[in-house]
Amino acid sequence: MRDALTVLAQRDIEAIHDTSLAILRDVGVSLPSREVLDTLAQAGADVDVERQVARFSERLVMNALERAGKQYVLHGRGDQAARFGYGDFVLVSSPGQFAWVDEDGGQRRQPTLKDARAGIRVGDALEHIDIVGALGMPLDVPAEYRDVWMAAELVKGSTKPTHVWVADGRSLAYVLRIYEAVCGGREAHRQRPMIAAFIEPISPLRFPETGLQILVACARYGLPLGFGPMVQAGATGPATLAGTLALENAEILAGIVVAQAFGPGVPVCYGGIPHIMDMRSSQISFGSPEQGLMAVAMTQIAHHYGLPVYVNVGLSDSKRVDAQSGLERGMTLLMGAQAGADTFGHMGILGADQAGSLDQLIVDNEMAAYVKRVLRGFSVDAETLALDVLREVGIGGNFLGETHTHRHFRQEMWFPKTFDRRRWEEWWADGAPTMVDWAHERKAEILAEHHPPAPEAELVREVDDIVAAAQRELLGASG
């Protein structure tokens, strides 16, 4: 695609930027960590230790933006990697939902470790899922070391880059040991990172203590950091989209300042993922038209700073694989992709973080293929204009048997794996299957037949020993 989709003029971007700077200068952010506050004070921030609030000057913010790394690569256990800041289209399966749906329209239940392993295997099998999450948060694994267990299962169960929600600084230490074991040590992991930390400020203008622990540890380590506030227009942010964007941007910029204070040059992903609150249901909305508009705007702002960007699109408020889901997911994903975002809403989610679904994940994978075809566009040159062929076929002819057709149709046309293009009679004779039917069959096929290459036995033992140590020490500490 030659021209990116935009919704903001340059003066709009500058106005939002200036408002964010004013917020950080006049209001500041809550940072419940004496270490963070002291470090920021040394860097030139205006710190109120008693209130645990820091205010930032424009120069401090702009210096942090200048220092921040603008590109990074996440590596898997195998040869696959996910690049950020290179113009790639990167899709992630959800790192973990707290509910699970086995079949479309079915009842929710609690996810188990078996479900998480299935989520990892399906994510590994799907060709358009670049970073694999477990999709389900296994509630039969104790919360104290659940993220360590999930990191271990991810590296054992997939050769792709992986994503895990990390709870706090204590469990992060064990998660990092797992990735270091795979890479061959701390320095090897620093050079070929397998994990990027994701920090979610609590809007408006607060950072959680656990998030700061992760931020500081990863910044010092040199690992990529993503900041993704989820400001809700009308609830945790102004009802106006412009005001919500200014607040979202301020919180991201604050995170970047903290990151650069502890790890100058550490790469950053700009997580522009604001939402609206639906005023009738009082629920956050994942599939609204405003979601697409704000995603495009956030992408423009991130590009203004030269940063890779993550936007929450390709999602829906529907709890089923239905028309609402397809409309909301497809339209917002295409908007974010055409704006030039690097990565998008986590795939496989039903509703606004209401549950994980392997059927939905499989449909999302097909949606990604559709959007990638749109992004690829088409060439206009002497060969593709085909004037010689047009002259030869002439009036009333047919191009099906032409060499030119055979040479180009596979490259020019996208062939879906699930969208039904057959004649009515053929489709009806086949039982009139729906997309959900197809996804359910594909899920069963993957779970029966897809077996990712296993790690070496010595590595498995080392990873399992790390999980066992986390179980003993973190469970013991909680007791």
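**Entry 1: ground rules**

I am working on a predicted model, in which local features need pLDDT of at least 70 and side-chain atom pairs count only at pLDDT 80 or more, while totals for chains, interfaces and linings use all residues. I number residues from 1 along each chain as its sequence is written, and the side-chain values use heavy atoms, with hydrogens and water left out.

**Entry 2: helix α8**

I asked myself what its 13 residues should span at 1.5 Å a residue. The expected span, which is 1.5 Å times one less than the number of residues, comes to 18 Å, and the end C-alpha atoms of α8 are 18 Å apart, which agrees.

I then looked up burial, where buried means under 20% relative accessible area, exposed over 50%, and partly exposed in between, with a 1.4 Å probe and protein chains only. In α8 the buried residues are Gly211, Leu212, Ile214, Leu215, Val216, Cys218, Ala219 and Tyr221. I noted that these buried residues pack (contact means heavy atoms within 4.5 Å) against several elements, among them α2 (34-43), α6 (169-183) and α9 (241-262). After α8 comes Gly222, whose phi is positive, near 95°.

Although Ala259 and Ala219 are 40 residues apart along the chain, their C-alpha atoms are separated by 5.6 Å. Leaving aside residues up to four places away in sequence, I found that Ala259 touches Leu215, Ala219, Leu225, Phe227 and Val266.

**Entry 3: His128 in a loop**

I next looked up His128, in the loop between α4 (113-125) and α5 (146-157). Is His128 buried or exposed? At 16% relative accessibility, His128 counts as buried. Its side chain joins that of Lys372 in a polar contact of 3.0 Å; such a contact is a pair of N or O atoms within 3.5 Å, where within protein one must be able to donate a hydrogen and the other to accept it, and residues adjacent in sequence count only if both atoms are side-chain atoms.

**Entry 4: a three-stranded sheet**

I found an open sheet of three strands in the order β1-β3-β2, with antiparallel pairing. Here β1 (29-30) and β2 (46-48) stand at the edges with a single partner strand each, so one side of each is left without a neighbour in the sheet. Two strands pair if DSSP finds at least two bridges between them, and three bridges join β2 to the antiparallel strand β3 (residues 53-55). I also noted that Asp46 stands opposite Arg55 in β3.

**Entry 5: salt bridges**

Side chains of opposite charge can pair when their charged atoms come close. I counted a salt bridge wherever a side-chain nitrogen of Lys or Arg is within 4 Å of a carboxyl oxygen of Asp or Glu, and the count comes to 20.

One of them joins Arg109 to Asp115, with the closest N and O atoms 2.6 Å apart; Arg109 is partly exposed at 29%, whereas Asp115 is buried at 8%. In another, Glu153 and Arg117 meet at 3.0 Å, N to O. That pair links distant parts of the chain, with Glu153 in helix α5 and Arg117 in helix α4, 36 residues apart.

I also looked at Arg190 and Glu187, whose closest N and O atoms are 3.1 Å apart in a salt bridge. Being three residues apart in helix α7, they are separated by about one helical turn. Elsewhere, salt bridges that share partners join Arg117, Glu153, Lys156 and Asp464 into one network.

**Entry 6: aromatic rings**

For rings of Phe, Tyr and Trp (its six-membered ring), I counted a pair if the centres lie within 6.5 Å, with planes under 30 degrees apart as stacked, over 60 as edge-to-face and the rest as tilted. The structure holds twelve aromatic pairs. Phe409 and Phe415 form an edge-to-face pair, 6.1 Å centre to centre with 85° between the planes. The ring centres of Trp424 and Trp427 are 5.0 Å apart and their planes are at 70°, so this pair is edge-to-face.

Conventions: Helix = DSSP H or I, 4+ residues; strand = E, 2+ residues; numbered from the N terminus.
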